[in-house]
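Could you look over this structure with me before we discuss it? I have set out my remarks as numbered points, so that each can be checked by eye.

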Amino acid sequence: MSKRYLPPSSFLQSAINEEISFGDVDFEKGNLERLVAMTRDADVANRDWATLLLSQLQLNRPDVREALSLAASDEILAVRSEAILGLAMLDASQALPFLQAELAGECINLPLLEAAAIVGHSSLLSDLMAFAAPSDDLWLDEAVHKAIAACKRSD
């Protein structure tokens, strides 16, 4: 049995378990500030989870968009991908340059493909087509074709 991937931060574990909230009340604002700060944590698992959680909040605020933009340039693909997906859900035009850079590379993952489907920009088509051949991952294949269809609709 494989061990569940969790961050070492007890704060992030509490957020994953929905034991804390993020909002406009003072203590909730403090939680959001802490979550934003955790997107720059030295520990990769903490950064990854903090970025995922921040993205899922879909808070269209300057501080959140800035944190996601910084995380979209992280050295770790998983962190970058979650940040790009978060940006795509908030502002497709802000996510587009990050997405273009990632899709031009050799590796993709599900969050990048979900972001591509949300952004749906024709400039992503040629790079997505490079991943269109069937693989051993049916979910990834389906996500590639969904992203391609979304980008074709934007023509």
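The points below go from confidence in the model to helices and then to single residues.

1. Please keep in mind that this is a predicted model, in which local features need pLDDT of at least 70 and side-chain atom pairs count only at pLDDT 80 or more, while totals for chains, interfaces and linings use all residues. Residues are numbered from 1 along each chain as its sequence is written, and side-chain values use heavy atoms, with hydrogens and water left out.

2. On confidence, pLDDT is the predictor's own score for each residue, running from 0 to 100. The protein chain averages a pLDDT of 93, and 96% of the residues score at least 70. Confidence is lowest in helix α2 (residues 26-38), with a mean of 88, and highest in helix α5 (residues 77-90), with 98; helices here are DSSP runs of H or I with at least four residues, numbered from the N terminus.

3. Which residues of helix α6 are buried? In α6 (residues 92-103) they are A95, L96, L99, E102 and L103, where buried means under 20% relative accessible area, exposed over 50%, and partly exposed in between, with a 1.4 Å probe and protein chains only. Because these residues cover an arc of only 140° around the axis, they lie on the same side of α6, the arc being that of the directions from the helix axis to the C-beta atoms. On the other side of α6, S93 and A101 are exposed. The cover over the buried residues of α6 includes α5, α7 (110-119) and α8 (125-129).

4. The axes of α3 and α5 come within 9 Å and cross at roughly 10°; axes are lines fitted to C-alpha atoms, for helices over the stretch in contact, and angles run from 0 to 180 degrees between N-to-C directions. The two helices α3 and α5 are therefore roughly parallel to each other, a term used for angles under 35 degrees, as against over 145 for roughly antiparallel, 65 to 115 for roughly perpendicular and oblique for the rest. The contact (heavy atoms within 4.5 Å) is made by V44, R47, D48, T51, L52 and S55 of α3 and by A78, V79, E82, A83, G86 and M89 of α5.

5. E18, in the loop between α1 and α2, has a positive phi of about 55° although it is not a glycine, and E18 is exposed at a relative accessible area of 70%. Q58, in the loop between α3 (44-57) and α4 (62-71), is not a glycine either and has a positive phi of about 50°; Q58 is partly exposed, at 45%.

6. A147 and A116 are 31 residues apart in sequence but 5.4 Å apart in space, C-alpha to C-alpha.

7. Finally, S9 lies in the segment before α1 (10-16) and is buried, with a relative accessible area of 11%. Neighbours within four places in sequence aside, S9 is in contact with M38 and N46.
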